[in-house]
Amino acid sequence: MLLLLAPALAQNLVSLAPPGAVAGFYLADLRGSRYIQGLASDFRQSGLEGLLNRELRQKEGEVVDLLGIAAGGLAAAVYPDGFFLIGRPSPAALRVLRKEARGLRTVGGWQVGGDQEVQLGFSRELFFAASPRYAQLFLQNRRGLRAPAQGEVVFWATLPQSLPQELGLPPRTSSALRTLRQLTYRLQLTPGGYTEEVRLELNPSADPALARLLLPQGRPYDPAELPQGYAVFTGVFDLGRFGAYLGGILREFGQAYRLELGGFGSRFALVTAKGPPPAPDALGESPLGHNLLYVELRDPATAEANLLALLQSLAAFATPEGRGGFRVLGNEGGFKAVEVGLMGTLYYRLEPDRLVLATSKAALEALRNPPWGRDPGFRRFRVRVPANAVGFSYSDQGAMLREQAALTARLLPQTLGRGEFEQRLARALGNFLERISQRFGPGLSYTVVEGGSLVQRSFYEVRW
């Protein structure tokens, strides 16, 4: 019952805020949720909770209690000329907030204080912090803000249509901004894991060229045919059109830089492969990780020229003067190897209709892996993807977290130092990551175009 009521309770907090917000956020009341209890148990049993509490309380005292500021939920709203935040903190956090407040007076059943910049208010269970105008509206019962979605975590932002004119932007850039109507994110806990939805609402008539880029048509590469790894992502985005569009925007600001991508098409895919962890100084064999990038080609010769020009620019940008830059190294297993300054060595191959680029030797070797279509988890999730999807991803979060736990255990002691507390912190954090990695399983995400909106929906398995 608590879980079912959590989004409604969060909406109640949002509804206390004055209307007219251009952006907002809320976190539901998750006290008593069996899902969070499982993660909290891992936090305690790893030793991380006790270690941090003891260390922080010795150094910060009551400030530690403020970690409970959103224990019973939190809602925030941003307005063109101010903000409003309201929450249900833990009793300890509420006591600290009250103690720090000065000059409190009773207004409409609230104890209110503050200054000309921020007003604070307290009831028996709630507190608010707001700019004076919105504190006054709240105390006058001018409330009723509504969030555009429900979930345990929700964020939304709306671009004011008057903003481009207020900023004095040139015509084409102004049209591009007016195309972006609203971004909404929500996360919902479920018995089997959690779902996410990201919705980008557009105004296509403001800038049809940008709308065509952000609302693509066509089908992406079939991920079932790509080699297995930790994760795979496929999508549709017209790089050639993007390069030309960005050039037009830059010219409005007097920039002559042109991003030449005319040789590329619109389909792409990314495979995150398994490989050795990076060196402690991040200058080892794989500073960019272990990834395979696939990009559709319209004209292979033009695309190769586009790629080499882009890599030369990246090498110059990412490498301090005198530390080396772009070099062509030769061939490696049918791929051309190029050194891109401090970004390491990349390997690429041009096929008749696509470019394949590997960011490390381990990624290059992953080309020999069996395809994703043979993975049982992938096949189980694949059936949930609608036929009209313009993007799809599948990942093994548990495996990635286990690798992160091992990497943390190896690198954190060198990063934090050799003191007793630092060593214990490194062990506890690695233990915590290892514990929660056992709870997480695979997940999928797909993207569809719904009218004038680009919508991404995700589901990830968690053994709560």
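A nonpolar surface patch of about 200 Å² is formed by F233, L270 and L293; patches consist of residues with over 30% relative accessible area and no salt bridge, with nonpolar side chains (Val, Leu, Ile, Met, Phe, Trp, Tyr) joined within 5 Å and like charges within 9 Å. Areas were computed by the Shrake-Rupley method with a 1.4 Å probe, and for residues only the protein chains shown count as cover.

The model is predicted: local features need pLDDT of at least 70 and side-chain atom pairs pLDDT 80 or more, whereas totals for chains, interfaces and linings use all residues. Residues are numbered from 1 along each chain as its sequence is written, and side-chain values use heavy atoms, with hydrogens and water left out.

The secondary structure of the chain comprises 14 helices and 20 strands, taken as DSSP runs (helices H or I, at least four residues; strands E, at least two) numbered from the N terminus. Of its 464 residues, 46% are buried. The C-alpha trace spans about 75 × 60 × 50 Å along the principal axes. The chain exposes about 23400 Å², of which carbon and sulfur atoms supply 55%.

The structure contains 16 salt bridges, each defined as a side-chain nitrogen of Lys or Arg within 4 Å of a carboxyl oxygen of Asp or Glu. A network of such bridges links E197, R199, E450 and R457. Because E450 lies in strand β19 (residues 440-450) and R199 in strand β10 (residues 193-202), the latter pair ties together parts that are 251 residues apart in sequence. E197 is buried at 15% relative accessibility, whereas E450 is partly exposed at 32%.

A further salt bridge joins K336 and E304, with the closest N and O atoms 2.9 Å apart. K336 lies in strand β15 and E304 in helix α10 (residues 300-318), so this pair ties together parts that are 32 residues apart in sequence. K336 is partly exposed, with a relative accessible area of 37%, while E304 is buried at 17%.

G341 is located in the loop between β15 (335-340) and β16 (345-350). This glycine is buried, with a relative accessible area of 14%.

Key: Buried < 20%, exposed > 50% of the residue type's maximum accessible area, 1.4 Å probe, protein only.
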